[in-house]
Amino acid sequence: MPIVTLVGMPGSGKSTVGRQLARRLDWQFADTDAEIERRLGCSIRSYFEQHGEPAFRDVEQAVLADLVESPARVLATGGGIVVREANRTLLATRTQAVYLRSTPEELFRRLRHDTHRPLLQVADPMRRLRDLYRERDPLYRATAQFVIETGRPTVKMLVGMILMQLELAGLVDPAHVPSTIGGPHKQL
Ligand code: S3P
């Protein structure tokens, strides 16, 4: 049984899409950020403020290594998970990673009022998103087996697109995949 991970920039919909995907497949879902906050007993933002980004990345790396051994089969990850090579290797070799690709402009529209993400609490969040995107887009692409454009589709459509990719790759039971031509497949 594969593990499917969602990677991509903050605000690309990894947790929402991941949770819905897990529901469709009847697989367990986990989220690295939620698990990090559970372990730390505080918010990621306050941990960043007190201990800095490298300490956060250490916790994130340990959590990812544990979650790929857990019963969860759909994992949403934090947007910066790919900055460490060890994480990229783990994601690429032990999981089927799906990159939810969104443009910085799209992300900015969704995140402009965000107060939780420490990296975006800056004077010019649009510029920060553009810089992070430039640095990370090649890393997401190098890690993921599948790239899904998040632009217009709804969450339901994105989940359907991922299921179809997974079915084509022989990774999920076709009974979970929506069909546009009717037949034996379940509809979304
Ligand atoms: C981060 C993204 C966040 C969270 C942390 C760092 C990043 O997750 O892990 O604030 O480096 O982009 P989301 O991608 O879920 O926002």
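What percentage of the 188 residues in the protein chain is buried? In this predicted model, buried residues make up 45% of the chain.

## Fold and dimensions

The protein chain holds 8 helices and 5 strands. Along the sequence, their order is β-α-β-α-α-α-β-α-β-α-α-β-α. The radius of gyration is 16 Å, close to the 16 Å that the globule rule gives for 188 residues, so the chain is as compact as a globular protein of that length.

Along the principal axes, the C-alpha atoms fill a box of roughly 55 × 35 × 25 Å. Take the contacts with a separation of 6 or more: 69% of them link residues 24 or more positions apart.

Strand E4 spans residues 96-101. Of its 6 residues, 5 are buried, so E4 is largely enclosed by the rest of the structure.

E4 pairs with strand E1, residues 4-7. The sense is parallel, over 4 bridges. Here threonine 5 stands opposite alanine 97 of E4.

E4 also joins strand E5, residues 146-149. These two strands run parallel, with 4 bridges between them. Tyrosine 99 has valine 147 in E5 as its bridge partner.

## Surface and charge

The protein chain exposes about 9500 Å². Carbon and sulfur atoms supply 52% of that area.

The charge count is 26 positive and 22 negative. How far apart are the mean positions of the positive and negative charges? They are 5 Å apart.

Notes:
Residues numbered from 1 in each chain as written. Predicted model: local features only at pLDDT ≥ 70, side-chain atom pairs only at ≥ 80, totals over all residues. Heavy atoms only, no water. Rg over C-alpha atoms; globule rule 2.2 N^0.38 Å. Buried < 20%, exposed > 50% of the residue type's maximum accessible area, 1.4 Å probe, protein only. Contact = heavy atoms within 4.5 Å. Areas by Shrake-Rupley, 256 points an atom, 1.4 Å probe, with all protein chains shown as cover. Lys, Arg positive; Asp, Glu negative; His and termini not counted. Charge placed at Lys NZ, Arg CZ, Asp CG, Glu CD. Pairing = 2+ DSSP bridges.
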